Amino acid sequence: SGLSWEPRSRAVEQVHLRCTEGSLEWMYPARALRVVLEPNLSSARHTTVCIKPASDFQGASIYVERAGQLHLVVSEAEGARPHHVSCFSARTPQRVALFLQASPQRDISRRTASFQYELLSNQSAAGPDFKKMALVEAMCRPCDNVELLLAICSSDFVVKGSIRNVSHDSENHMSQVDVSVQKVYRQKNRIFQQDEASGEWRGPIRTLLQCKVKKGGGVFLFTGNEHFGEAWLGCAPRFKDFLLIYGAARERGANPCEF
């Protein structure tokens, strides 16, 4: 909190974050905050940094340091835009410095500059917007057998279920698939939850609008990864097709993990 600082001090507070993803909340922003992203993974080559401001982001702007210069990433005005994610390439993958500059204020009313961040190592994610990052998951094509078998081992979520509804957001170039879940095999966070009234398990999965997802019958195995607390669709075969592929791979000893 900016309230804890000495009023006459002009020092820039330093914060070091060691995780590859996380969040920061700066209440009552005052002066400036320097945030250094230094993941504790010596072998990691994170080439892209993505930042998602909170919907109530206020009181500061976010810059990235490059060769002694500050480049604006998120302005205070942009912070209120829902689903707005800024991605930029990391020149030095082991150390990325962000600079939060507090906006001038006449009163001491509460403002909070909070954001989530993710460090990505996939080259295809590098780019100025979240749509390219989403392409890592939403391939808009059926997965081949090898990709599918790897997906059940490495995805953030693996659930069996059917499609309840599909809605489209043309402004943000996204589609949302609402899934009625029969079984949760794995999930990183609690995206798929049980409805207290009906007892039914359900949850939303996002994909790109250009994938043209439609509502269809049948039972699927949904896999994918999470970004900023949202599930993004990866491979999603029909469950009966998945069982045949997995069974054949297991007989050959070619299944990369037990499912």
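**Figure 1. Secondary structure and burial in the predicted model.** The protein chain has three helices and 15 strands in this predicted model. Of its 259 residues, 44% are buried. Among contacts between residues at least 6 apart in sequence, 69% join residues at least 24 apart. The chain exposes about 14000 Å², and carbon and sulfur atoms supply 49% of that area.

**Figure 2. Helix α2 and its cover.** Helix α2 spans residues 145-154, and its buried residues are Leu148, Leu149, Ala151 and Ile152. These four lie on the same side of α2, because they cover an arc of only 155° around the axis. Val146 and Ser154, on the other side of α2, are exposed. The cover over the buried residues includes strands β10 (157-169), β11 (174-187) and β14 (220-227), as well as helix α3 (239-252). At the start of α2, a side-chain oxygen of Asp144 comes to within 3.2 Å of the backbone nitrogen of Val146.

Figure 3. Lys160 is buried but has no salt bridge. The nearest side chain of opposite charge is that of Asp241, 13 Å away. Neighbours within four places in sequence left aside, the contacts of Lys160 include Ser180, Val181, Gln182, Lys183 and Tyr185. Val219, Phe220, Leu221 and Phe239 are also in contact with Lys160.

**Figure 4. Salt bridge between Lys52 and Glu230.** The two side chains meet at 3.5 Å, N to O. The pair links distant parts of the chain, with Lys52 in strand β4 (residues 48-53) and Glu230 in strand β15 (residues 230-233), 178 residues apart. Both Lys52 and Glu230 are buried.

**Figure 5. Salt bridges of Glu200 with Arg164 and Arg202.** The closest N and O atoms of Glu200 and Arg164 are 3.9 Å apart. This pair links distant parts of the chain: Glu200 is in the loop between β12 (193-194) and β13, and Arg164 is in strand β10, 36 residues apart. Between Arg202 and Glu200, the closest N and O atoms are 2.5 Å apart. Glu200 is partly exposed at 24% relative accessibility, Arg164 is partly exposed at 34%, and Arg202 is partly exposed at 27%. Elsewhere, salt bridges that share partners join Lys52, Arg206 and Glu230 into one network.

**Figure 6. Leu208 in strand β13.** Strand β13 comprises residues 201-208. Leu208 has a relative accessible area of 4% and is therefore buried. Its C-alpha atom is separated by 9.7 Å from that of Ser170, 38 residues apart along the chain.

Conventions: Residues numbered from 1 in each chain as written. Predicted model: local features only at pLDDT ≥ 70, side-chain atom pairs only at ≥ 80, totals over all residues. Heavy atoms only, no water. Buried < 20%, exposed > 50% of the residue type's maximum accessible area, 1.4 Å probe, protein only. Helix = DSSP H or I, 4+ residues; strand = E, 2+ residues; numbered from the N terminus. Arc of directions from axis to C-beta. Contact = heavy atoms within 4.5 Å. Polar contact = N/O pair within 3.5 Å; in protein donor to acceptor, adjacent residues only side chain to side chain. Lys, Arg positive; Asp, Glu negative; His and termini not counted. Salt bridge = Lys/Arg side-chain N within 4 Å of Asp/Glu carboxyl O. Areas by Shrake-Rupley, 256 points an atom, 1.4 Å probe, with all protein chains shown as cover.
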